[in-house]
Amino acid sequence: MPLARSMSITSLSGMEEWDEEFDLEDAVLFEIAWEVANKVGGIYTVIQTKARLTVEEWGENYFLVGPYVESNVRTQVELIEPTNPALKRTIDKMNSSGCKVYFGRWLIEGSPYVVLIDVAFTAWSLDKWKTELWNNFSIGVPWFDREANDAVLFGFLTAWLLGEFAAQCEEPPHILAHFHEWLAGLGLALCRQRLLPVATIFTTHATLLGRYLCAGSVDFYNNLANFNVDKEAGDRQIYHRYCLERTAARCAHVFTTVSQITAVEAEHLLKRKPDIITPNGLNVKKFSAMHEFQNLHAQSKNRIQEFVRGHFYGHLDFNLDKCLFLFIAGRYEFSNKGADIFLEALARLNYLLRVNHSDVTVVAFFIMPARTNNFNVETLKGQAVRKQLWDTAHTVKERFGKKLYESLLIGQLPDVSKMLDKEDFTMMKRAIFATQRQCQPPICTHNMLEDSTDPILTCIRRIGLFNSSADRVKVIFHPEFLSSTSPLLPMDYEEFVRGCHLGVFPSYYEPWGYTPAECTVMGIPSISTNLSGFGCFMEEHIADPSAYGIYILDRRYRGVDESCNQLTSYLFQFCQQSRRARIIQRNRTERLSDLLDWRYLGRYYISARHMALAKAFPDTFFYQPHDSETAQGFRYPRPASVPPSPALSRHSSPHHSEAEDEDDRYDEDEEAEKDRLNIRQPLALPTKKGPLPYPLPTNNAF
C-alpha cells in the first residue's frame, strides 16, 4: 500500500504562525527511557542529543528517568542532592520504603537532571507486581524473560515515582511524562490505571513485532494489513512484550513515532494511529570556516589509509590515492540492515571495475559488533609490520640526511651512489623481506566465535571476495565498536565516518536511520532506502537527493535482485566521480545538516508535549492545531550546476576527461546561498516565560 504524506514533516518551513502561549512555570517534565545514561541502541542518541534543547525550554523542571547501572554512573553521572523540594521528599520516601533511587546530573551537553532507579534492588517485589499486572491488564510475563522482568520492575517503580511526586507537591501539579519504547511503557499504563494527574506521551522508535517479522524474510510492508498480530507475536514468543507495547500505545494521551513509514507500521501492528510524527535530530555544529570539514575528512582519511597499508602489507598493489572507503555500521542484523544486498552489490561492482579496467579500488568496511574472543593475529601483525617499515624508512632517512648535510657543508655535490652504504641496504632488504606474505590479507580483524555460521563471512565465501590482488573490491569486517583506544584501528566512530567517502545503509527495516543522518551532518554522502525514515524524509524535502549525496534505494516496489542492481549502479557511478566532483558533493551534503538540527526538529516534540498537556489538563492548557491545508511545504531544488554524479550514458568508460570537472558553471558560494534561502535559519528556543518564536506543526500526522 502506498504511504500517505505527512504534513507534520512536509510543512517544515511553511507552517502557520503559532500564537498560543504555554506557561510552563507550573509544569514538570519527566522523560523516561531505559537508555537514559545507559547506552544500548539508537534511543540513547535521541535522548542524549535532544537534552540540551529540552533543558533550554524547561530549565529546572526537566528530569530524565532511567535505570541505575553502576558502571555507567561512574563515568557519566555526577550524583548530587535533588534541587526540587517535592522531588527530594519523593526520593527520600521511596528510599525509606525499600527502594534505591539516585539523583544527579548527566554529564552531557545541557547537563540535565537524572533520576536513576536501581531495579535489581527491588527484585523482591517482582512476583507481587507481576500478579498486579495480570489482575489489571491480563498480561502474563514468563519468569525466564529477564528483559521483560526488568521492564515490569522499571514500570512499577516509575509509576511509584510519579505518583509519589504528585502526592508530595503542595499545589495540584501539572506533570508531563514522556515514555520511550516498550521497556518503559508499563509505567505509562499504570499512571492511567491509577488515575494519576499525569499527561502522558508514548514514543515508539520501532515496533517489536515489526523488527521480528522483518528479520524473518517476509514481504513486510506490502502485507501489513494481513498479519494476525496476536498469532505472529505468539509464534515468536514475544506476546507478553507485544502486549506491554500495545497497552502503552493505546493508553497514552499522545502517541508518536519517528517516521511516516513507522507510523503506518504502528497503525497496523499496535492498532493506533500516531497523533504526530517526531523525526530524530542531531546537534549540528557549524564550522567557522566553510570548508573546515573537508580538512577533517582529509586528516581522518589519512589515518584510515595507514590502517589499510598495514592490513594489506605484501599485497598493496593498488594506489591509495585512488582508493575509495565505503562502510556500513550498526546493529548486527544481517538482513534488516541490508548487509546481504550490500555484499552482493560489492561482488557485482568488483566485476564491473575489473571488466572496465578501472584504476579505482574500493575498500568496504563492515562495522557490526559480533561475538569474538580476540584480535586476529595476522591483522595485528600487519600493523606491526607497517610500523617497522616506517621506523626503518625514518632511520635510513636520518642517516641519508646527515651525509647530505655534511657533503653540502664542504661545498661538494653529493655522490648519490655513496650516500647509502651496505648497512642501509641490508636494513631495507630485511624490511622488504618482512613484508612477504604467503596468505591473502584477512577479511575479519578478529577471531569469530562462530566463524563457520557467521552470516557476513558465509556470504563472503559464497561470492568469493577474498581480498586477492585481482579484486578491485576489498572487504574488511571489524566486529566491534570503534574506539580511539583500540590497538588495531585507533579511531572514534565520528573520526572514522569523516574519513570515509560513502556510507552504505541499504536497510530493509530502519524506522529512522541515525547512521545516514550522522553521515549527512559530517558532509559524507550516503545510500539509504525508501523503507527507512531518513530516506523518506529526504525524498520529501529534496527534489534531487542524489545531487546532494543522498542516494535513495528502492526496496519497497522492487525485488531483491532489482534493488541489488540499483545499488550496484549507484556504487559504480560513485566510483566514476573525479576527486573534484566528490568535493562538490560533500559540500552539498553538509549543507543539508540544517534539516536534521534539533532546533528545527525539536518543535515536533514541543507540539506533542503541548498536545498532551491540553488533553490531560484542559482547564489550564489549550492546544488548537492549525488547518494543515494552509501550510506550505518546501523542497530543496535541484542544483543548477553540473551534477556531481556522472550518468552512465555520458561516458562509455569510467576513464572520462578531467576537463569536464573544471567547468565554470559550478560556484560554491552562489549555490550555497541559494540553498540557504530554502530553509529558515535556526531560531531562538521558547523560554518558560515567553511565547514560542516559531510555528508549531499540526497534529495531522497523515
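The structure described here is a predicted model. Tyr405 is located in helix α14, which covers residues 377–409. Together with Leu409 and Ile410, Tyr405 forms a nonpolar patch on the surface, and the accessible area of these residues comes to about 370 Å².

At the level of the whole protein, the secondary structure consists of 24 helices and 17 strands. Of the 702 residues, 59% count as buried. The accessible surface of the protein amounts to about 29100 Å², of which 51% is supplied by carbon and sulfur atoms. Among contacts with a separation of 6 or more, 76% are between residues 24 or more positions apart.

An open sheet is formed by 9 strands with mixed pairing, arranged in the order β3-β4-β5-β2-β1-β6-β7-β8-β9. Its edges are strand β3 (77–79) and strand β9 (276–277), each of which pairs on one side only. In general, strands of a sheet pair through backbone hydrogen bonds, in either a parallel or an antiparallel manner. Within this sheet, strand β1 (residues 27–32) and strand β6 (residues 174–180) run parallel and are joined by 6 bridges. Glu31 is found opposite His178, a residue of β6.

A further strand, β16, comprises residues 526–529 and includes Ser528. The relative accessibility of Ser528 is 1%, so this residue counts as buried, the cut-off for that class being under 20%. The surroundings of Ser528 were examined with its neighbours within four places in sequence left aside; on this basis, Ser528 is in contact with Phe505, Pro516, Phe534, Gly535, Tyr551, Ile552 and Leu553. One of these residues, Tyr551, lies 23 residues from Ser528 along the chain, and the C-alpha atoms of the two are separated by 6.1 Å. The side chain of Ser528 also makes a polar contact, at 2.8 Å, with the side chain of Ser532.

Notes:
Residues numbered from 1 in each chain as written. Predicted model: local features only at pLDDT ≥ 70, side-chain atom pairs only at ≥ 80, totals over all residues. Heavy atoms only, no water. Helix = DSSP H or I, 4+ residues; strand = E, 2+ residues; numbered from the N terminus. Buried < 20%, exposed > 50% of the residue type's maximum accessible area, 1.4 Å probe, protein only. Contact = heavy atoms within 4.5 Å. Polar contact = N/O pair within 3.5 Å; in protein donor to acceptor, adjacent residues only side chain to side chain. Patch = residues over 30% accessible without salt bridge, like charges linked within 9 Å, V, L, I, M, F, W, Y side chains within 5 Å. Areas by Shrake-Rupley, 256 points an atom, 1.4 Å probe, with all protein chains shown as cover. Salt bridge = Lys/Arg side-chain N within 4 Å of Asp/Glu carboxyl O. Pairing = 2+ DSSP bridges.
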